[in-house]
Amino acid sequence: MTARSKSVDVAVRAQHKYIPATESEREEMLKTVGVSSVEELFADIPAAVRLGRPLQLPPALSEPELMAHMRTLAEANLHNDRAVCFLGAGAYDHYVPSVVWHLAGRGEFLTAYTPYQAELMQGELQAGYEYQSMLCALTAMDVANASMYDGASATAEAAVMAKDLTHRDEVLISTAVHPEYRQVLHTYTAPLGIHLREVPYRNGITDLGALAQMLSPRTAGVLIQHPNFFGALEDGAAAADLAHRAGGLLMCAVADPLSLGVLNPPGAWGADIVCGEGQPLGGHLNFGGPYLGMLATRQEFIRRIPGRLVGATVDTDGRRGFVLTLQTREQHIRREKASSNICTNEALLALAAAIYMAALGKSGFQKVSELNVRKAAYAKEVITAIPGFRLAFDSPTFHEFVVRTPLPPEEINRRLLPRGILGGAPLGRWYPDLSDAWLLCVTEQRTRAQIDELAAQLEKMR
Amino acid sequence: MSLRSRGRDFPLIFELSVPERVGSSYPSPDVPLRPLDELIPARQLREEAAALPEVSEPDVVRHYTRLSHRNFSIDEGFYPLGSCTMKYNPKVHEDVAGLPGFARLHPYAPVEHAQGALQLIWELEHLLAEIGGMDRVTVHPAAGAHGELTGLLMIRAYFHARGEARTKVIVPDSAHGTNPATASMAGYQVVTVKSDARGNLDVDALRAVMDRSVAAIMLTNPNTLGLFEERIQDVERIIHGGGGQMYLDGANLNAVLGVARAGDQGFDVMHMNLHKTFTTPHGGGGPGACAVGVKAHLAPFLPVPTVERVGERFVLDYDRRQSIGKLRAFYGNFGNLVRAYAYIRTMGADGLRQVAESAVLNANYLLALLRGAFDLPYDRICKHEFVLSGLRQKQQSGVTTKDMAKRLLDYGFHAPTIYFPLIVEEAIMIEPTETESKRTMDEFADAMLAIAREAQDRSEVVKTAPHTTPVQRLDEVRAARHPDLRWSPR
């Protein structure tokens, strides 16, 4: 038989690139097991529950075919390499330095499991410890966990934590918190008997007068977002003071931790739990995930913190090393009495965040944060100078602000798209009384020329 | 590896810090430079910059590259962690997930301009529905435990809609810890049911606890012993007979892909760990991604938004009156959905069936090589994994399962899952997956057998292991008694 006549295309069953076992190895292994066919290995599955047919799936694609198909799907999306993005609302278009994913994407990190064998996993563990340390530095809190799913679910876990810590059953949540965070909070807390009450906002920030009226001996905690969903700065210190006087905790959600480059950190003004979204720290937009849930708190609360914690210790030679610690809080030990059911977290995003924070460094982080403030302030100025466009609220802001528009914001966005501009978030979807309000975000990625172009386009829509 | 430090502490990034070093470059402001306190009230401003490291870009690259060398990954070697399905993570998945059309897409981009992403989610949900034998699928959850919560909350909403107040969830004693923890978070009392002598759920014990107060059973099948629940049909009759719902923890789906589907076994809800069966990388603990499949009667309760196809368009449907709401912001760990989708499209039906067959053959082969040297509490044909016990070694020479796991690290392998499931003393849970070769398994078996001999002949070397890792055995008790969870500037 010639090589040509034994074409590789006519094999009975194609050898798959991800499955090393060859036909002859399979035969050898079956012999060692003591069975004559693979089918015998499935004899314990009752015939009645077996699938008597092949799965109905599209035919397998080779790698080049897959790549072509995926490119087609990807190109059907208007992504931020093609659009000038003024959209934020909980997912932020910051520059991701090249080092971040060159390092975080290394196979040694990417394809590792949870560090159950600490001696073999010092890289992941130390990076986790460094992440926790940096997050503490940023928030001025005592301890941070190794990550949660995302900002919204971390915020919900913070509320559950407040209930457990205070043995009280009511959480007051500002309506200036991200609407999706509030929805998630509702989903998480309802089955646990936590009573949620929404605190109204006034001039774009939490109405502290209303909050004072709502506090009671049932109040486990008060949840604000800072900067809040409207981009405005809350009076966190006053809110914390009110919460504490009622015997409750103050929880602060941070949707963009880059804000902490310029803003007084929550730990400095009295927050008890900081939760929120770490995507802006080196994470890509990824159409909403994977993102990075952050959670940090005070020293005295560490035994109620959900999720994994990395701690420093020593080995038998006295050298520093790192382990997962205080695991008696967690589900694999405590089962139904655990502080949360979380197991898999977002470790890789935490690693990326640590690399991002290290690369920006002490001065760079501050610089980027200031760039956000200045660019947004400029945009605010030029846009509100256009007749018909006015600020919805006059509270100070970080990199987002709300504008009342002469046309429905959805219509403005539609007209901006052909100009390659991704406009802000129309707020009417979440706040019926803000149907003419538009939430714009201006990060360090936007240039003055792009802001001027946006203003020029809006000028035409008066 | 020469880079592994010996004799001194490996530095923290903070310890490399030198004042005034920078590791990034950004443009100078091109907008007016007004004093910051004109833009933000002074009392809201940070007084002192956060104590982040001050390092150059080469410092950052070298530090984290060296840390990566102090790690163990599936790219480097065999990772037989039972119940974790540490299979090879295809490189092409990283390239497709990194396409700007996916990676740089804002979640609130207008739906008309996110059609590729929505189509991918819609198709993935339908592919997974076929694989699981379910009617609808959501891909919102970020991880398995998050999927469990999603599933139980849907069951809760279903009973609520029927006006039934059921308060309990049944969990086998062999279950993952997340199952009872999730049941608690969903507001249920946990009822534990024991396993029988063959490693199946004890059907008589189940019958004894089943009544109208039970909302659901959470079952893993194949279970955490790596065994198929042979009496699954009896279980189904008992649970459904009492009006309860069947929840499948799909952690072990790899074993039965294309062979047996949850929907056909009577499960009403299931979750699939895309980071296990569908090979999205574990990232050192996450991100995961999870799909939850349901039968039609639970579809009204799916989290919002769902992705729907209207003609040739894909839309997000938020207007679902009976939805349990949201468990996270946005629509799921999309980057990992891209990878899982790419995997299913690469494998096709025949490829996925081969996955199950090879995973099960590999496990049974490895079991055959090891069964003589270790105790085997449940002696049956296994599925994708099996559970040995180190009890013999512990009794004969005082060498524990933990000691043997640490010793394996010296042989260049990651250890199996140990001390789980809880019903097996000194448990050693081994899952080779389909992407390992016979040669790798032969080498691993040789190492395990060598360690079993060492336990008898030179037990000290096992009890003090590991010896070749970047650090020696770590003091976990000290870490817990004196928590040191962050570096602080002196």
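Predicted model: local features only at pLDDT ≥ 70, side-chain atom pairs only at ≥ 80, totals over all residues.
**View 1. The contact between chain A and chain B.** Chain A brings 189 residues to the contact, and chain B brings 209 residues. The size of an interface is often given as the accessible area lost when the parts come together. Between chain A and chain B the buried area is about 17500 Å², and carbon and sulfur atoms give 62% of this area. Tyr18(A), Glu119(A) and Phe287(A) supply 6% of the area that chain A buries against chain B, more than any other three residues.

**View 2. Polar contacts and the chain A side of the interface.** Between chain A and chain B, 90 residue pairs are in polar contact, with both residues at pLDDT 80 or more. On the side of chain A that touches chain B, helix H12 (residues 347–384) of chain A gives the most, with 27 residues. By class, that side of chain A has 100 nonpolar, 47 polar and 42 charged residues.

**View 3. Salt bridges between the chains.** Side chains of opposite charge can pair when their charged atoms come close. The whole structure has 62 salt bridges over all chains, and 12 salt bridges are found across the interface of chain A and chain B. In the salt bridge of Glu130(B) with Arg53(A), the closest N and O atoms are 2.7 Å apart. This pair joins two chains, because Glu130(B) lies in helix H5 (residues 115–132) of chain B and Arg53(A) lies in the loop between helix H1 (23–33) and helix H2 (63–75) of chain A. Lys326(B) forms a salt bridge with Glu180(A), and here the closest N and O atoms are 3.8 Å apart.

**View 4. The largest pocket.** The space in the largest pocket is about 1200 Å³. Its lining has 49 residues, and Tyr116(A), Gln327(A), His332(A), Ile333(A) and Ile418(B) lie nearest the centre of the pocket. Elements of both chains each supply at least two residues of this lining, among them strand E12 (320–324) and helix H11 (331–334) of chain A, and helix H6 (144–161) and helix H12 (401–410) of chain B. By class, the lining of the largest pocket has 21 nonpolar, 18 polar and 10 charged residues.

**View 5. The second largest pocket.** About 740 Å³ of space lies in the second largest pocket. This pocket is lined by 32 residues, and the closest to its centre are Trp101(A), His284(A), Ala97(B), Gly98(B) and Ala103(B). Helix H3 (98–104) and H12 of chain A each supply at least two residues of the lining, as do helix H3 (91–97), helix H4 (100–103) and helix H10 (334–370) of chain B. The lining of the second largest pocket divides into 15 nonpolar, 12 polar and 5 charged residues.

**View 6. The largest cavity.** The model has 12 cavities of 30 Å³ or more. The largest cavity holds about 130 Å³ of space. Of the 17 residues that line the largest cavity, Glu124(A), Gly128(A), Ala146(A), Val310(A) and Ala347(A) lie nearest its centre. Helix H5 (122–139) and H12 of chain A are the elements that give two or more residues to this lining. H5(A) gives the largest share of the lining, 5 residues. By class, the lining of the largest cavity has 10 nonpolar, 5 polar and 2 charged residues.

How values were computed:
Residues numbered from 1 in each chain as written. Chains lettered and ligands numbered in written order. Heavy atoms only, no water. Contact = heavy atoms within 4.5 Å. Buried area = accessible area lost by both parts, 1.4 Å probe. Salt bridge = Lys/Arg side-chain N within 4 Å of Asp/Glu carboxyl O. Polar contact = N/O pair within 3.5 Å; in protein donor to acceptor, adjacent residues only side chain to side chain. Helix = DSSP H or I, 4+ residues; strand = E, 2+ residues; numbered from the N terminus. Nonpolar A, V, L, I, M, F, W, Y, C, P; charged D, E, K, R; others polar. 1 Å grid on protein atoms, 1.4 Å probe; cavity = no way out; pocket = protein on both sides within 12 Å on 5 of 7 lines; lining within 4 Å. Points joined across faces, edges and corners; volume = space filled by probe spheres on them.
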